[in-house]
Amino acid sequence: MRHAFRARSAAIGALLLCTTAALPAPTALAAGSPGPYGFAPDATSVTGAPTPAGAKPLTAGTTYRSSLPGDGPVHYSLDLDATSDTYVSATAAPDPGSTVSAGEGVKVTVQDAAGRSCSFDTETFGVVRSARPIAAWGAREVSADRPRCKTAGTYHVVVERVGTPVSAPDDWDLELFVVSEPALRKPVAAEVPEAWNSQTPRPATGDAVPREGGSGFASAVPVGPGVWTSGIEPGGTLFYRVPVGWGGQLSATAELGATDSGGGYTTGALSLELYNPARGFVDDVAANYAGRRREAASLPPLPPVAYENRYAGPDRLGAMRFAGSYYLVVHLASEVAEKFGDGPFDVALRVRVDGSEKSAPDYAGESRPDDVFEAVPVDLDLGVTGGASSGGTAGGGSGRGDAAMTVLAVSGIGTGTALLGVLGVWSVVARRRLGGS
């Protein structure tokens with residue numbers, strides 16, 4: 001679980017506030033049920049090569065569908081310029097219900113043409129020893145710190161399994177997402193963001209609003225500040241996305257409701273993971289469960305979204321470098337069924353977006369996909385009675401009967417109108433590092 005992305009800094013941008021629109025079309029599989037990972041409908045099929053020589057090219061702005069064998073790495077290639085940063089996220093999705101160990105997971109390495117590492121990242125199933133989608137990311141960053149990785153040419157992406165399988169190493173489904181970030185119009189000094197308050201924010205409060213999650217990143221259901229509820233079965237995974245703009249601070253807590261069924265104790269029963277707009281891992285947290293009372297898993301305080309975060313050492317700071325949609329992934333361990341039954345169980349997601357408006361970076365070009373670093377306004381047609389409130393200052397809607405909830409949205413690389421007020425600030429605790437050689 002290592003990484004060391006570092007690069008430049010700057011700012012110019014906007015914040016938007018929006019209301020009322022339709023939800024995405026429901027998927028065929030009921031949300032919260034164990035089922036196959038929901039690939040992007042437009043994902044391009046690509047086969048990973050066992051060696052760099054046969055690697056198929058990946059293009060920024062594109063999502064790919066592939067598979068990850070258990071007996072060796074797969075290779076892909078990138079044809080890159082000398083100015084843009086490029087990120088590759090690999091989401092590994094074992095079959096629901098399959099057996100995995102805490103140390104098993106996925107590793108992504110980006111290498112130059114000579115096979116020297118530009119960056120690598122490893123993510124494992126950890127204390128929640130339950131098969132579920134997990135993602136790792138790698139990067140080619142144009143940085144003075146890595147002179148061999150700043151030139152134009154062919155680079156390689158290596159995706160592989162880590163850890164010792166506890167059962168037959170069946171192939172895992174694999175989704176690849178490639179993102180490019182343009183250079184800044186004017187180079188800036190590589191400075192770590194200024195210190196910020198370490199106070200832990202209170203979880204969001206207000207009326208709970210039913211909102212079933214998606215089955216993958218592409219189908220992640222949009223939510224804003226407030227309290228969102230769903231049913232979830234053991235082994236099920238819910239994907240949500242929250243727009244967070246430059247200067248915005250995201251806070252989230254997942255809660256698992258009590259049950260009268262069964263008894264016992266499950267370690268790592270409920271997990272909450274956070275990924276950034278490039279589907280890069282930010283942080284995760286897990287809660288144990290005894291069934292008698294509600295249990296909560298809260299993400300540690302996160303820094304405001306800032307371009308400069310990439311200069312910070314800790315992984316969880318460096319990953320908060322983009323505006324855009326941040327992904328909250330909730331999973332209920334399959335082991336819960338052994339002690340408490342098949343459910344479904346009630347789960348609540350409490351979301352806050354605080355912070356103060358910051359200008360977006362003065363990029364010299366467009367990202368690919370072109371809207372990936374834009375916190376596109378989220379309009380929610382609740383379709384239910386009641387609303388939700390963030391429990392914070394700005395960034396949270398208040399209950400308004402049948403009316404749609406106003407949700408914070410912030411524009412990224414593009415333009416926009418600043419409508420966000422003064423908001424609170426928090427802090428960070430270092431966790432992982434993604435390092436290159």
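1. Ground rules. This is a predicted model, where local features need pLDDT of at least 70, side-chain atom pairs count only at pLDDT 80 or more, and totals for chains, interfaces and linings use all residues. Residues are numbered from 1 along each chain as its sequence is written, and side-chain values use heavy atoms, with hydrogens and water left out.

2. Overall confidence. The average pLDDT (the predictor's confidence in each residue, from 0 to 100) is 82 for the protein. A score of at least 70 is reached by 79% of the residues.

3. Where pLDDT is low, the predicted coordinates should not be read in detail.

4. Cis peptide bonds. Most peptide bonds are trans. The bond from glycine 343 to proline 344 is cis, with omega near 10°. Proline 344 lies in the loop between helix 2 (336-340) and strand 22 (345-355). Helices (H or I, at least four residues) and strands (E, at least two) are DSSP runs, numbered from the N terminus. The bond from arginine 368 to proline 369 is cis, with omega near -5°. Proline 369 sits in the loop between strand 22 and strand 23 (407-409).

5. A positive phi. Most residues other than glycine have a negative phi. Arginine 279 is not a glycine, yet its phi is about 65°. This arginine 279 is in the loop between strand 18 (266-275) and strand 19 (281-289). Arginine 279 counts as buried because its relative accessibility is 5%. Buried means under 20% relative accessible area, exposed over 50%, partly exposed in between (1.4 Å probe, protein chains only).
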